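These exercises go with the structure shown below. Each task sentence is followed by a solution in steps.

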Amino acid sequence: MKKFFALLFAALLACCCVSALAEAPLTVDELTNFWDTLLASALEQEPVEPEEDEDGLYVFELDQITLVCADDTLSENSRVLYAELRGGIESLADGREIGPGSTLKQLLAAYPLDNLKLSGSYDEFALYINGSLPDAVHYAEAQRAGSHVLQVEHNVVTPDGEGAEHCFIGYTLENNVVTHVYSGVVRETMEEARLDIEDCASLQEKREYSAYAAEQPEPLAREDMLFAGRRGVIDFVGASEGDLTAVLGQPEADNWEQVDHIYMRTMEWEGVTAALAYDGRKEQSALAALQIYGDALEGPRGVHMDDTVDEVLARFPQEDGGTLYGDGENAPYGLLDVSEEGLYAQFAVQVEELTAVLSLDFVDDALWVITCEYK
């Protein structure tokens with residue numbers, strides 16, 4: 001019984017430590033411990049011949065680990081200046097238990113986060129800034145393609161005389177899962193440090209794009225019918241030719257076809273096809289359908305190519321069976337169909353007297369095609 005309570009206490013203590021660490025920004029000590037852990041793992045492997053880089057440092061390429069040191073031989077006393085951890089060693093992670101295979105959600109929860117909506121631009125966002133020069137400054141920022149985060153980097157800048165020591169740890173991700181962890185230390189001038197921090201502060205002010213993060217999602221609505229890209233957002237309802245080209249540029253193909261008293265125009269970009277309906281004079285137009293099968297745009301609520309079924313369905317209400325919500329006939333409703341070919345989901349939205357339907361096709365548990373059209 002004493003042993004049981006000892007184990008329980010240890011588990012609770014570990015949880016409290018992780019929670020406390022998540023509220024604290026990156027420190028130099030935890031990075032030093034991480035480098036020591038990777039160095040110890042490297043010393044257990046077969047020795048390798050290093051390659052000298054252009055700065056006169058030595059690069060050791062080992063199994064799942066890369067180390068950069070000033071010495072041409074690895075030893076317990078080697079000072080690691082840069083380290084990289086790749087997938088394959090399941091037992092290795094950083095001091096916050098983040099390593100290859102960790103999810104974006106786990107990564108964000110392991111550090112402070114002042115930007116809960118991940119607001120910024122389509123390409124990047126800031127997580128936090130703590131402190132100001134000439135004292136130590138901790139800050140973090142991320143690169144992304146819409147809802148898919150590609151890289152997160154945490155930094156600590158410590159002024160030292162006329163310059164500063166800049167320590168960092170970064171994570172590269174694919175489909176919002178960590179694939180690599182990299183970390184290092186560099187010397188920089190105070191001006192370089194100031195410019196880096198100012199860039200992050202400027203990024204904090206951007207609100208062009210925010211991640212969808214509702215804990216209890218409502219049915220898809222008119223205001224959700226937005227398709228985001230690097231150059232802006234296309235509102236499916238009422239979008240014109242000019243709205244499309246402003247975000248996507250000039251089309252690679254542009255074809256007209258007359259149908260009764262209207263003209264149908266099909267415009268194509270890499271990974272995107274749009275169909276517009278024009279009146280008999282080719283003056284008034286309306287976007288009739290939009291199909292996405294690449295990374296140029298992402299769909300409503302940030303659904304993105306290669307998202308998993310679970311990731312997508314988590315952004316909509318879910319009931320048991322094939323009807324996710326509604327009656328399946330009158331908007332709003334959500335339907336789910338599973339077949340041998342894959343999974344197919346539909347979400348209907350009432351737009352004045354019309355019904356716009358968002359269709360999502362999945363193959364091998366990955367989103368393959370997004371289609372939005374009036375029915």
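**Exercise 1.** Find the bridge partner of A164 in β9, then describe the pairing and the sheet around it.

Solution.
- Step 1. A164 has E188 as its bridge partner in β9. Strands here (E, at least two residues) and helices (H or I, at least four) are DSSP runs numbered from the N terminus.
- Step 2. Twelve bridges link β8 (residues 163-174) to β9 (residues 177-189), in the antiparallel sense. Two strands count as paired if DSSP finds at least two bridges between them.
- Step 3. Helix α4 (residues 190-204) packs on the sheet, touching β5, β6 (137-145), β7, β8 and β9. The direction of α4 makes about 115° with that of β5. Axes are lines fitted to C-alpha atoms, for helices over the stretch in contact, and angles run from 0 to 180 degrees between N-to-C directions. Contact means heavy atoms within 4.5 Å.
- Step 4. The sheet is open and antiparallel, with nine strands in the order β1-β2-β3-β4-β9-β8-β7-β6-β5. β1 (51-52) and β5 (124-130) each have a single partner strand, so one side of each lacks a neighbour in the sheet.

The model is predicted: local features need pLDDT of at least 70, side-chain atom pairs count only at pLDDT 80 or more, and totals for chains, interfaces and linings use all residues. Residues are numbered from 1 along each chain as its sequence is written, and side-chain values use heavy atoms, with hydrogens and water left out.

**Exercise 2.** Compare the span of α2 with the expected one, and list the buried residues of α2.

Solution.
- Step 1. α2 covers residues 28-43, which is 16 residues. The expected span is 1.5 Å times one less than the number of residues.
- Step 2. From first to last C-alpha, α2 reaches 22 Å, close to the 22 Å expected.
- Step 3. E30, L31, F34, W35, L38, L39, S41 and A42 are buried in α2. Buried means under 20% relative accessible area, exposed over 50%, and partly exposed in between (1.4 Å probe, protein chains only).

**Exercise 3.** Is A136 buried or partly exposed, and which residues does A136 contact?

Solution.
- Step 1. A136 lies in the loop between β5 and β6.
- Step 2. Its relative accessibility is 34%, so A136 counts as partly exposed.
- Step 3. Beyond neighbours within four places in sequence, A136 contacts N130, G131, V157, T158 and P159.
- Step 4. D337 is 201 residues from A136 in sequence, and their C-alpha atoms are 54 Å apart.

**Exercise 4.** Starting from D337, trace the strand pairings that involve β18.

Solution.
- Step 1. Y344 in β18 stands opposite D337.
- Step 2. β17 (residues 333-338) and β18 run antiparallel, joined by six bridges. Four residues separate them in a hairpin, and G342 in the turn has a positive phi of about 150°.
- Step 3. β18 also pairs with β19 (residues 354-363), antiparallel, over nine bridges. In that pair, L343 stands opposite F362.
- Step 4. The hairpin of β18 and β19 has two residues between the strands, and E352 in the turn has a positive phi of about 55°.
- Step 5. Of the nine residues in β18 (residues 343-351), seven are buried.

**Exercise 5.** How many disulfides does the structure hold, and where is the cysteine sulfur nearest to that of C200?

Solution.
- Step 1. There are zero disulfides, a disulfide being a pair of cysteine sulfur atoms within 2.5 Å.
- Step 2. For C200, the nearest cysteine sulfur belongs to C167, 17 Å away.
- Step 3. C200 has 0% relative accessibility, so C200 counts as buried.
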